[in-house]
Amino acid sequence: VEKDGTRVFDLRMQAGETEFEAGRKTPTWGFNGTYLGPTLRAERGEKVRVRIRNGLDEASSVHWHGMHLPAEMDGGPHQEIAAGGTWSPQWTVDQPAATLWYHPHPHGATEDHVQRGLAGMFLLDDERSARLALPKRYGVDDLPVVVQDVRFDGARLDGGRGFLQNVGFLGDRTMVNGTLRPYREVADELIRLRLLNASTARTYAFGFPDDRSFSLVGTDGGLLERPVSQTRVQLSPGERAEIVVRMRADERVMLRSFPQDNYGDGWQRRFGGGDDSFDVLELRAAGRLRPSPDLPTVLGKLEIPDGADAVRGRFFELRRSGINGRSMDMGRVDETVTRGTTEVWTVRNDNGMPHNFHVHDVQFRVLEVNGAAPPPALRGPKDTVFVPHGTTMKLALRFTGPADPDTPYMYHCHLLYHEDEGMMGQFVVV
Ligand code: C2O
Ligand code: CU
Ligand code: CU
């Protein structure tokens with residue numbers, strides 16, 4: 001923390017080698033290490049500055065996924081950091097407590113840079129999250145769970161896409177926080193898992209083999225109004241969920257990803273990964289567990305627009321070839337929105353394969369899924385939403401600026417192969 005109260009972080013992007021399995025070194029990239037990056041953490045109202053050095057031998061960028069900030073601090077493809085160069089964005093945290101993340105966003109090479117290992121969590125806290133009786137001892141009863149699928153080709157991480165895999169790269173095993181076959185010893189009755197799908201293409205449906213219910217307490221951009229009991233939570237690439245699981249003394253329970261019945265036709269389930277299942281993270285409970293306070297029944301008010309004051313609507317047709325028939329062009333602004341207004345965006349996927357939709361700078365509300373009210377898991381603050389084939393969603397978004405007619409924010413499919421191939425557009429706030 002500097003004299004004026006600014007919280008300063010240092011990140012160095014670097015190439016190195018990681019020993020995922022004993023005796024086998026794999027070339028990887030990381031922030032301040034050889035794979036993934038440190039968890040950054042700041043409070044609402046705080047000024048933050050991140051001093052980044054790109055120690056790689058190619059240009060990249062660092063994007064703050066889910067963060068509300070000025071477009072020039074966003075870290076998208078327009079804020080490229082040259083090889084050997086530096087970048088020091090700063091902004092004031094002005095949004096509720098949430099599990100956000102950061103990752104590179106260089107034009108056309110995002111999938112590759114993320115796959116090599118560049119990603120980390122960025123947690124936000126606020127007065128409410130400090131006060132609520134939720135598990136909150138980081139690394140003890142509040143665990144970051146960064147999930148990625150990988151495939152090894154000898155000692156190398158193989159990023160190649162299979163012939164029939166039109167969603168992008170799909171691995172044959174998963175890692176949590178860069179660890180294969182991960183387990184975690186826990187000693188509290190209630191364990192909070194901050195799940196981040198940091199995979200480039202794979203969608204997961206998390207749950208437990210005994211189908212125990214858990215409490216979903218947060219989505220991408222922060223806490224729900226109240227905990228919702230679920231047995232599965234589905235996350236497409238880039239999405240987050242915070243869940244709280246009740247443990248019994250001495251048990252071992254596996255967080256798994258299950259096949260998904262809403263993933264599309266048989267072809268998509270088979271070749272797009274919807275039929276797959278994985279053991280993701282084993283929780284090993286101690287013989288005696290510390291009692292945890294009951295979860296609050298009310299978590300608080302949502303700070304997302306309800307769309308009642310929307311001044312206009314826009315339509316986004318998701319296709320593999322581009323959004324609204326256009327492939328990403330760095331020099332073209334696709335949409336211009338007015339600062340301080342609310343809009344309703346309709347997003348449709350009729351493209352025969354799964355996509356998702358991510359919007360920079362905002363946390364939106366899902367108003368409708370195929371004309372019906374959204375399921376409980378889609379009622380919290382969202383910045384990324386899974387849009388399977390045959391889905392039309394209505395989203396309410398509020399743009400609070402600051403205005404910058406010259407620097408666009410992005411919206412895109414977060415299946416990174418699709419994004420890199422042009423499923424992305426640009427909007428400015430004026
Ligand atoms: Cu997580 Cu535009 O990205
Ligand atoms: Cu983003
Ligand atoms: Cu897509």
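Predicted model: local features only at pLDDT ≥ 70, side-chain atom pairs only at ≥ 80, totals over all residues.
A residue counts as buried if 20 or more other C-beta atoms lie within 10 Å of its own, as exposed if 12 or fewer do, and as partly exposed in between.

Start with R181. It sits in the loop between β14 (179–180) and β15 (183–188). Its phi is positive, about 45°, although R181 is not a glycine. Most residues other than glycine have a negative phi. Is R181 buried or exposed, or something in between? R181 has 13 C-beta neighbours inside 10 Å, so it counts as partly exposed.

D361 lies in the loop between β28 (355–359) and β29 (365–369). Its setting is buried, because 23 other C-beta atoms lie within 10 Å.

A third backbone feature concerns a peptide bond. Most peptide bonds are trans. The bond joining G401 and P402 is cis, with omega about 5°. P402 belongs to the loop between β31 (391–399) and β32 (409–412).

Now turn to the strands. Strands of a sheet pair through backbone hydrogen bonds, either parallel or antiparallel. Strand β17 (residues 204–207) pairs with β22 (residues 252–257) in the antiparallel sense, over two bridges. Here F206 stands opposite S257 of β22. Strand β22 also runs antiparallel to β23 (residues 278–290), and six bridges join them. R256 has D279 in β23 as its bridge partner.

Another group of strands forms an open sheet. Its five strands follow the order β25-β24-β27-β31-β29, and the pairing is mixed. Which strands stand at the edges? They are β25 (322–323) and β29; each has a single partner strand, so one side of each lacks a neighbour in the sheet. Further in, β24 (residues 310–319) and β27 (residues 341–349) pair in the parallel sense over eight bridges. R312 has E343 in β27 as its bridge partner.

The largest nonpolar core has 104 residues. Those with the most contacts inside it are V145, V146, V147, L195, I243 and L395. What does V147 touch, leaving aside its neighbours within four places in sequence? V147 is in contact with T174, V176, L195, L196, N197, A198, S199, Y204 and V280. Two of these contacts link back to the strands above: Y204 falls in β17 (residues 204–207), and V280 falls in β23 (residues 278–290).

How values were computed. Residues numbered from 1 in each chain as written. Chains lettered and ligands numbered in written order. Core = buried A, V, L, I, M, F, W, Y, C linked by C-beta atoms within 7 Å. Contact = placed C-beta atoms within 7 Å. Helix = DSSP H or I, 4+ residues; strand = E, 2+ residues; numbered from the N terminus. Pairing = 2+ DSSP bridges.
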